[in-house]
Structures are given as structure tokens and as C-alpha cells.
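Work through the exercises below with the model open beside you.

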Amino acid sequence: MLTKPESVPPLRSRILRAGAWTLGGYGTSQAIRLASNLIMARLLVPEAFGVMAIATVVQVGVSMMSDLGLRQSVVQNPRGAEPQFLDTIWIAQIVRGFIIAGIATLVALLLLSLNAAGWISGSNVYADPILPYVITAVGATAIANGFESTNMATANRTLSLGHVTMIEVASQIGGIVAMICFAFFERSVWALVFGGWTAALIRVGLSHVALPGRRNQLKWHSESWRDIHGFGRWIFLSSVLGFLASNLDRLMVAGYLSTNEFAFFSIAMLLLGALQDAVKRLFSQVCFPTFSEVARNRPDQLRSVYYKFRLPFDLICLFASGFLLHAGDNIIRLLYDDRYQAAGPILSLLSISLFALRFGVAGQCYIALGRPDIISLLTVARIVGTIILLPALYALAGQQGLFVAIAATYFVTLPFSIYVSHTMNLLDPFREIVVLPVFGVGLVTGAILQS
């Protein structure tokens with residue numbers, strides 16, 4: 001039986017409120033994260049960040065490669081608010097958490113075996129003897145994450161993000177406090193691992209006690225699973241490909257760099273990732289639910305709504321890309337001690353990717369229109385570009401070529417994305433061109449700061 005339709009405020013007010021909570025919460029989160037990183041950079045040696053970065057990539061990779069679009073199903077499916085649907089989601093989520101932890105352990109065992117057999121070069125990150133153990137510990141956090149209440153996804157569905165944002169910030173603060181306390185007694189990568197575990201446990205606990213809504217039960221509903229699986233098979237493929245598109249470069253770069261060099265790359269990615277993650281979070285938490293609701297109720301207005309959302313992303317990404325291209329060195333000098341200054345030129349080169357990142361808004365429209373398969377095609381193109389560009393530019397320009405290649409992979413999919421947007425009546429050439437001078441403004445501002 002269908003539940004009574006949800007009583008919610010008008011879409012516009014929910015968009016503004018959700019955007020404010022997302023940006024406010026994310027800004028707070030990133031400020032806390034940066035402050036903790038600066039503290040930990042003084043407590044730990046650079047190699048710890050290199051090891052943790054690869055362990056995190058492995059955990060994220062296993063997680064995305066087992067993604068069935070559970071959260072997206074709650075947001076997108078007309079039955080996403082039904083108790084039977086949500087309980088089925090919760091059970092699938094729990095099982096998935098154990099699977100992720102198990103696969104991470106297998107990856108760690110494989111690394112141990114390859115190192116013992118002498119098949120991995122002693123000069124790169126994968127040869128670090130502590131890495132397999134860190135991968136196992138980080139991967140195990142998925143077990144805790146699997147028990148997170150589906151009320152988190154339900155809040156995302158209705159754009160009611162206030163409580164969600166507060167939970168995320170609270171769990172982050174708890175994890176950081178635990179991490180710093182641990183580091184005073186044991187100045188090793190295990191401080192970072194301990195902080196991650198603490199944050200996960202706090203987030204899961206608060207998701208059950210601090211959010212309005214019903215409590216999940218271990219009840220399976222076969223019909224709901226058919227809906228979830230039918231939608232999720234494309235999300236699964238898109239997530240696998242999306243992980244490879246977003247992280248294959250990191251996995252490949254780790255094979256070219258030492259643990260110390262990879263730490264500098266990780267610091268640059270941390271700073272650039274703060275902006276990238278903010279943009280992507282708005283994509284998923286505000287753009288996707290909004291586009292889904294417009295596509296369900298007012299499909300003729302989707303293009304107009306799409307460009308209203310694109311404008312702020314265009315302005316932010318274009319300006320930041322130009323600004324960081326010139327000012328990357330100064331930012332690293334301002335924030336970090338002399339041990340980390342090699343991260344400055346890397347940050348400048350990687351910032352070119354922001355120019356293309358803004359087009360990711362279109363991907364949320366494709367999913368809202370029930371076409372996640374298009375995302376799969378776009379990500380395949382980027383993966384192929386990564387496989388070709390990284391070794392080719394490394395051969396031509398060494399380490400600098402690696403970082404230029406990473407930025408260049410963001411541009412590989414643009415021609416196809418523009419074509420798809422045109423065929424789906426989402427493309428407005430004038431609106432695409434009129435914002436481009438903002439990149440030049442960023443360049444000039446960065447050059448002034450650099451001088």
C-alpha cells in the first residue's frame with residue numbers, strides 16, 4: 001500500500017535551505033579538516049599521508065565497485081519513502097558493508113604476497129610494508145557505515161539537510177579530536193586510521209538517534225529489491241567506472257612515485273579536493289534531488305532549472321581554476337612548513353581540472369531523467385584517456401607530465417557531454433560562452449597575488 005504523500009515545503013524554499021546547509025556545513029567541515037591537516041602535518045612525517053591516501057583510495061574503490069545506488073534509489077524512486085522499501089535498502093546496505101571489508105582484506109593480502117615475492121618495486125608506494133595493514137583497518141570502517149540509518153537518505157530525498165549536516169560535522173569533529181589525541185601518544189599513520197574509525201561510529205550512532213523518522217527493521221521485501229536492483233545495476237556500472245575515472249590516476253601515479261613524493265601529491269589533492277568535493281556534494285545533495293523532482297513533475301522546465309544551477313558552479317570553478325594556476329605555490333608556502341613545499345607546483349598544474357569539473361551538473365540531469373547509462377559512457381572515455389595520457393606524458397615530461405595528464409583527463413569527455421546535452425535539449429551555447437571570461441579574471445587575480 002502506498003503511503004500518504006509527504007507534506008513538504010515548496011521546492012524553491014527547500015533548494016535554498018538545502019544549498020545553505022550544504023555550503024555552510026561543508027565550509028565548516030573543510031575548515032576543520034584543513035586545520036586538523038595542518039596540525040597533523042606537524043605531528044607526522046609526510047610518508048604517513050602517502051600511505052593513508054592509497055589506503056583510502058582502495059577503500060573508496062571497493063565501496064564504489066559494490067555500489068547499487070541505494071541512496072540514489074531512495075531519492076529517485078516514487079516508492080522511496082515506503083517503510084518496506086527503506087528496510088530492504090538497510091539490509092542491502094549492511095550486507096554491502098561486510099563485503100567491502102572482506103574485499104579490502106583480500107587486496108591487502110594480495111599486496112603482502114606480491115611484496116613477499118618481490119614483484120613490486122621497492123621505490124614506490126605499494127612496497128611500503130605497513131600499507132596492507134592500513135588498507136585492512138580502513139576497509140573495516142565499511143562494516144560500521146553499513147548500519148547507518150536510511151533516515152539520512154530520506155532527508156536527502158526531501159532536501160531536509162539541516163540534521164544531516166550537523167551529524168556530518170559532529171562526526172568529523174569527534175574523529176579529528178580522537179586522531180589528534182592518538183597522535184600525541186603514537187605519531188604514526190595509525191592516528192589517521194583511528195580518527196576515521198571514530199568518525200564512522202559517531203556518524204552511524206547519530207543517524208539513528210538524532211534524525212526524525214522511523215527506525216529501520218530487518219525486514220526484506222522482494223518487490224522493493226527488484227526496483228532497487230533494476231535502477232542500481234546502472235548505478236553500479238556508473239560507480240565502478242566513476243571510481244576508475246576519479247581514482248585510476250592516483251593508483252597509477254602511486255606506481256611512479258615514492259611514498260614521500262606521493263605525500264606531496266596527496267597534500268595538493270587535499271586542497272584541490274576541498275573545492276572539488278564541495279562542488280560534487282552540491283551536485284548530489286541539491287542538484288540531483290531537485291532535477292529529479294522537476295523531471296517528475298515539470299519536465300519542460302528542466303533546461304531552465306539546469307542553467308540556473310550551472311551559473312554559480314561556472315563562476316566558482318572558472319575563477320578558482322585561473323587563480324590556483326598562478327597562486328598554488330603561495331598557498332602551500334602559507335599553510336605548510338618547508339617539508340611540503342614541493343606540493344605547490346603540483347597544486348597549480350592540477351587546478352586546470354576545475355575548468356571542466358563544472359560540467360558534472362549535466363550528469364545529474366541524465367540520472368534524473370533515468371539515463372545513468374550515459375554517465376557510464378562518459379566515464380569510460382575518461383578512463384581510456386587516463387590509461388593513455390598518464391604514461392605518455394610521463395615519458396615526455398616526467399613527474400610534471402603526470403600531473404598535467406591528470407588535469408587533462410577531465411577534458412576528454414567534454415565533446416561527448418556537449419553532444420548529449422544538445423540531443424536532450426539541455427544545451428544553450430550562449431550561456432556556455434558568456435561565463436568564460438571569469439577564468440581570465442582568476443588568472444589575473446592569481447598573478448597579482450604571485451607577484
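**Exercise 1. Which residues of helix H5 are buried, and which helices do they pack against?**

Solution. In this predicted model, begin with the residues of H5 that fall under 20% relative accessible area, the cut-off for buried: they are Leu131, Pro132, Val134, Ile135, Ala137, Val138 and Gly139. Finally, look for what covers them: the buried residues of H5 pack against H2, helix H4 (83–116), helix H6 (141–145) and helix H9 (190–209).

**Exercise 2. Describe how far H2 reaches and how many of its residues are buried.**

Solution. Helix H2 spans residues 46–64, and its 19 residues reach 27 Å from the first C-alpha to the last, which is close to the 27 Å expected at 1.5 Å a residue. Then turn to accessibility, where 15 of the 19 residues of H2 are buried, leaving the helix mostly covered.

**Exercise 3. Are H12 and H19 roughly parallel or roughly antiparallel, and what residues make their contact?**

Solution. Two packed helices are described by the angle between their axes and the distance between the axes. For helix H12 (residues 302–335) and helix H19 (residues 437–450), the angle is about 15 degrees and the axes lie 6 Å apart. Angles under 35 degrees count as roughly parallel, and H12 and H19 are therefore roughly parallel to each other. Their crossing is right-handed. On the H12 side the contact includes Leu315, Leu318, Phe319 and Arg333, while on the H19 side Val438, Phe439, Val441 and Gln450 are among the residues that take part. Sorted by class, the contact of H12 with H19 has 12 nonpolar, eight polar and two charged residues.

**Exercise 4. Carry out the analysis for H12 and H15, stating the angle, the handedness and the classes of residue in contact.**

Solution. H12 packs with helix H15 (residues 360–368) at an angle of about 150 degrees, with the axes 9 Å apart. Angles over 145 degrees count as roughly antiparallel, and this is therefore the description that applies to H12 and H15. The crossing of H12 and H15 is right-handed. In the contact, Leu302, Tyr306, Phe309, Arg310 and Phe313 of H12 meet Val361, Ala362 and Cys365 of H15. These residues divide into seven nonpolar, no polar and one charged.

**Exercise 5. How are H15 and H16 placed relative to each other?**

Solution. The angle between H15 and H16 is about 140 degrees, and their axes are 7 Å apart. The two helices are therefore oblique to each other. Their contact is made by Gly363, Tyr366 and Ile367 of H15 together with Pro372, Ile374, Ile375 and Leu378 of H16. By class, the contact of H15 with H16 has six nonpolar residues, one polar residue and no charged ones.

**Exercise 6. Where is Ile387, and which residues does it contact beyond its neighbours within four places in sequence?**

Solution. Ile387 belongs to helix H16 (residues 372–408), and at 46% relative accessibility it counts as partly exposed. Once neighbours within four places in sequence are left aside, Ile387 is in contact with Leu248 and Met252. Met252 is 135 residues from Ile387 in sequence, yet their C-alpha atoms are 8.6 Å apart in space.

How values were computed:
Residues numbered from 1 in each chain as written. Predicted model: local features only at pLDDT ≥ 70, side-chain atom pairs only at ≥ 80, totals over all residues. Heavy atoms only, no water. Axes fitted to C-alpha atoms, helices over the stretch in contact; angles between N-to-C directions. Parallel < 35°, antiparallel > 145°, perpendicular 65-115°, else oblique. Left-handed = near helix turned anticlockwise from the far one by under 90°. Contact = heavy atoms within 4.5 Å. Nonpolar A, V, L, I, M, F, W, Y, C, P; charged D, E, K, R; others polar. Buried < 20%, exposed > 50% of the residue type's maximum accessible area, 1.4 Å probe, protein only. Expected span 1.5 Å × (residues − 1).
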